[in-house]
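Please read this report with the sequence and the 3D view side by side. It moves from single residues to strands and then to helices.

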Amino acid sequence: MSRAPSPLRSVRMGPLTRLPAFFALESKRAIVAGGTQAAAWKAELLSAAGARVEVFAPAPSEDMLALAIDPPQGAITIHQRTWTRDDFAGAAIAVADCADDAEAAEFAAAARAAGVPVNVIDRPAFCDFSFGAIVNRSPLVIGISTDGASPVFGQTIRAKIEALIPKGFARWAEAARIWRPRVQALALPFRGRRTFWERFTDRAVAAPNAAPAESDLDALLKPAAAPSAGAVTLVGAGPGDPELLTLRALRALQSADVILFDDLVSTDILDFARREAKKMLVGKTGHAPSCKQDDINALMISLAKAGRRVVRLKGGDPMLFGRADEEIAACRAAGIAVEVVPGITAAQGAASRLLVSLTRRGQARRVQYITGHGHDGQLPSDIDWTSIADPAATTVVYMPAKTLPELVATALRCGLDPATPAVAVEQATRAGERVIAATIAELPARIAAEPPSGPVVVLIGRVFADYREIALDESMPAPSAGEKRRLQRL
């Protein structure tokens with residue numbers, strides 16, 4: 001049976017406790033009530049954003065007085081008195097450090113009556129907006145909010161992002177701001193503009209601490225001015241856990257115009273794609289109605305010829321039982337540029353969760369991957385059964401759900417030791433992961449007792465002996481909560 005490719009409806013934004021927004025405060029008036037150290041920090045942030053800050057404090061702290069003498073950008077004026085309602089006229093934003101809720105309520109009511117958004121430090125019930133932790137590579141600015149749940153958590157995340165974002169990105173972000181009008185003046189088509197900014201980003205990432213120069217702009221504009229040809233990228237989505245995506249796969253998803261994905265690809269991975277990208281299910285899954293490979297190839301080629309950047313997203317690694325050779329050949333025959341981004345295989349994902357090395361020294365000298373079914377859905381007739389029976393080999397069987405009983409029976413007749421340890425892993429690395437540990441002779445019956453509902457990979461070999469002993473030995477320490485979710489003891 002077959003089915004036609006179908007577009008995936010865009011996923012709606014999930015609930016937000018806070019709407020991330022950035023105030024444009026250049027030369028605008030900002031009110032700060034209070035002269036404390038906390039108020040001084042907020043006044044510094046407002047000045048850094050270019051606001052004209054007016055502080056109302058009968059007894060300003062030394063920090064506030066020093067800040068007014070040397071502000072980061074916008075001027076800071078201190079009024080050594082309490083605020084009045086008239087002070088809010090013409091203000092763009094108001095912040096206060098209040099002694100109690102009564103004072104906070106009075107300040108917030110006065111600000112709102114004047115139509116001014118208000119923040120009362122450490123009193124979220126009176127706030128229209130909040131200040132998050134900030135990563136400053138201005139004009140690249142990143143704000144982080146936990147909605148007041150844990151400021152320390154937000155600061156820790158900020159520290160991690162600080163480590164990831166080179167300080168030199170500030171210069172590249174400033175260059176983007178300066179160059180944008182010149183790029184817009186070229187009246188390039190959408191694809192040309194996007195190509196320019198993709199090349200710009202590649203250049204910034206490659207040399208983050210280099211100062212952008214006019215020569216960089218000239219070099220970037222030349223390819224952007226030419227018509228943009230489409231291309232195809234085969235991307236490995238890994239076994240399911242989105243955190244196992246490679247950085248290169250992430251970049252491919254974020255630059256794609258169209259994403260053609262299989263049923264076995266975790267939908268969580270599609271969240272990494274840009275929202276404007278068209279996402280189409282092309283339904284490649286074993287033993288179920290699927291799109292014909294020729295139809296997928298034709299769709300992929302037609303989109304690329306129309307100038308689209310196409311990502312063909314496949315579970316695991318595209319070069320392993322993913323028909324990548326057929327899709328690469330189709331692209332080459334059509335003169336379409338094609339590249340491959342490898343992914344974590346299902347076998348690697350399963351082994352990482354089992355904490356078992358597939359090539360454990362002294363137990364396995366090689367690893368072999370085989371498929372459980374051929375083009376006709378039946379057990380392939382050309383399997384090397386001698387290699388399956390080799391006790392020094394670790395065998396990984398992909399797509400074994402329907403043919404595993406026949407595969408095991410044939411392997412046993414050809415010399416595979418029936419006591420060889422084996423593990424079946426359903427939905428490896430995903431939330432619904434399930435593990436069945438047994439001897440290879442027992443495994444088909446164990447799986448049949450509770451059929452899987454998701455993708456399964458079967459791993460066979462003596463490297464799994466220790467794992468099976470842990471699974472079955474009642475004297476072993478109780479497994480962790482994570483192990484309990486992964487391990488089904490049958």
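M399 lies in the loop between β15 (393-398) and α14 (404-413). In this predicted model, M399 has a positive phi of about 50°, although the residue is not a glycine. M399 has a relative accessibility of 29% and therefore counts as partly exposed, since that class lies between the limits of 20% and 50%.

A second residue with a positive phi is A187, which is not a glycine either; its phi is near 55°. A187 sits in the loop between α5 (169-185) and α6. Is A187 buried or exposed? The relative accessibility of A187 is 62%, so the residue counts as exposed.

Helix α6 covers residues 190-206, and E198 is part of this helix. E198 has a relative accessibility of 14% and so counts as buried; the limit for that class is under 20%. Leaving aside residues up to four places away in sequence, E198 touches R191, S255 and R309.

| Residue | Relative accessibility | Class |
|---|---|---|
| E198 | 14% | buried |
| M399 | 29% | partly exposed |
| A187 | 62% | exposed |

The next topic is the strands. Strands of a sheet pair through backbone hydrogen bonds, and the pairing is either parallel or antiparallel.

Strand β7 (residues 133-137) and strand β8 (residues 140-144) are an antiparallel pair with five bridges. In one of these bridges, I134 has G143 of β8 as its partner. Together β7 and β8 make a hairpin, with two residues between the strands. P139 is located in the loop between β7 and β8. The peptide bond that joins S138 and P139 is cis, with an omega of about 10°.

An open sheet is built from six strands, in the order β1-β11-β10-β12-β9-β13, and its pairing is mixed. Which strands lie at the edges of this sheet? They are β1 (6-7) and β13 (337-341), each of which pairs on one side only. Within the sheet, strand β10 (residues 258-261) pairs with strand β11 (residues 278-281) in the parallel sense, over four bridges. I259 stands opposite K279, a residue of β11.

Helix α11 packs on this sheet and touches β9 (231-236), β12 (309-314) and β13. The direction of α11 makes about 170° with that of β9.

The last topic is a pair of helices. Two packed helices are described by the angle between their axes and by the distance between the axes. Helix α10 (residues 293-305) and helix α11 (residues 324-333) have axes that come within 10 Å and cross at roughly 40°. The two helices α10 and α11 are therefore oblique to each other, because an angle under 35 degrees would be needed to count as roughly parallel. The crossing of α10 with α11 is right-handed. Which residues make the contact? From α10 they are Q293, I296, N297, M300 and I301, and from α11 they are E326, E327, A330 and C331. Sorted by class, this contact of α10 with α11 has five nonpolar, two polar and two charged residues.

Terms used
Residues numbered from 1 in each chain as written. Predicted model: local features only at pLDDT ≥ 70, side-chain atom pairs only at ≥ 80, totals over all residues. Heavy atoms only, no water. Axes fitted to C-alpha atoms, helices over the stretch in contact; angles between N-to-C directions. Parallel < 35°, antiparallel > 145°, perpendicular 65-115°, else oblique. Left-handed = near helix turned anticlockwise from the far one by under 90°. Contact = heavy atoms within 4.5 Å. Nonpolar A, V, L, I, M, F, W, Y, C, P; charged D, E, K, R; others polar. Buried < 20%, exposed > 50% of the residue type's maximum accessible area, 1.4 Å probe, protein only. Pairing = 2+ DSSP bridges.
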